[in-house]
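Let us take a walk through this model together, one step at a time. Have the sequence and the 3D view at hand as you read.

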Amino acid sequence: MLKEKVEQILNKQITKEAFSSQLYLAMASWAEKNGYNGSANYLYRQSDEERMHMLKLFRYVNDRGGHAIVDTLDKPELEFTSISEIFTKVYKHECFITESINECVEVCINEKDYTTNQFLQWYVAEQVEEESNAQTVIDKLNLLGNEKARLYLFDRDMENFTVNSGE
Ligand code: FEO
């Protein structure tokens, strides 16, 4: 049975993962509308990935006798000025999620819930991957600069950039 504090923080994390999925969906939509189809496809895959992160936590909470819920989601940002802005925001958002996972781990340790702590280690490792992927995309963009022809090549490259499935 999950302790109340652990259940509460896991439900907050569920809501953050659900928000991440909506945020990346909004980014995918902007990218698609502005001709960045490779980046859009990458962001659609990333959005699916976030839903998987949410569901994995969701099922865990219920399996351990808690009640998993997704709280009201904030409306994600819908408009962006460039593809660079999008990926800079992806990176910042992933850093925020990493901190949030670390807070979940801290609560588990304080509450002596070592089972949930162990379960969360999958997310700890996943966040290393998530931050690294976002940083790689930003590095690509910085290398290429803002010229349209180069952004076109960047976008074609994004079509094949793999989203870590976490499996
Ligand atoms: Fe679920 Fe991208 O962190």
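Helices here are DSSP runs of H or I with at least four residues, numbered from the N terminus, while strands are E runs of at least two. An axis is a line fitted to C-alpha atoms, for helices over the stretch in contact, and angles between N-to-C directions run from 0 to 180 degrees. The model is predicted, so local features need pLDDT of at least 70 and side-chain atom pairs count only at pLDDT 80 or more, whereas totals for chains, interfaces and linings use all residues. Residues are numbered from 1 along each chain as its sequence is written, and side-chain values use heavy atoms, with hydrogens and water left out.

Start with helix α1, residues 4-33, and helix α3, residues 83-110: their axes come within 10 Å and cross at roughly 170°. That makes α1 roughly antiparallel to α3 (under 35 degrees counts as roughly parallel, over 145 as roughly antiparallel, 65 to 115 as roughly perpendicular and the rest as oblique). The contact of α1 with α3 has 17 nonpolar, four polar and six charged residues. In this sorting, Ala, Val, Leu, Ile, Met, Phe, Trp, Tyr, Cys and Pro are nonpolar, Asp, Glu, Lys and Arg are charged, and the others, Gly among them, are polar.

Stay with α3 for a moment. How far apart are the end C-alpha atoms of α3? They are 41 Å apart, which agrees with the 40 Å that its 28 residues should span at 1.5 Å a residue (the expected span is 1.5 Å times one less than the number of residues).

On to the next partner of α3, which is α4. These two helices pack at an angle of about 165°, with their axes 9 Å apart, and are therefore roughly antiparallel to each other. The residues of this contact divide into 19 nonpolar, eight polar and three charged. The crossing of α3 past α4 is left-handed, a label used if the near helix is turned anticlockwise from the far one by less than a right angle, with right-handed used if clockwise.

Just after α3 comes K112, with a positive phi of about 55°. Most residues other than glycine have a negative phi. K112 is not a glycine, yet its phi is positive. This residue sits in the loop between α3 and α4 and is exposed, with a relative accessible area of 59% (buried means under 20%, exposed over 50%, partly exposed in between, with a 1.4 Å probe and protein chains only).

Now look for salt bridges, where a side-chain nitrogen of Lys or Arg lies within 4 Å of a carboxyl oxygen of Asp or Glu. The count comes to four. One of them joins K5 and E111, at 3.8 Å from N to O. K5 lies in helix α1 and E111 in the loop between α3 and α4, 106 residues apart. K5 counts as exposed at 53% relative accessibility.

Another salt bridge pairs K89 with E77, their closest N and O atoms being 2.8 Å apart. K89 belongs to helix α3, while E77 is in the loop between α2 and α3, twelve residues apart. K89 is partly exposed at 29%, and E77 is partly exposed at 35%. Together with E85, these two are linked in a network of salt bridges.

Finally, D157 and K140 form a salt bridge with closest N and O atoms 2.5 Å apart. D157 lies in helix α5 and K140 in helix α4, so the pair ties together parts that are 17 residues apart in sequence.
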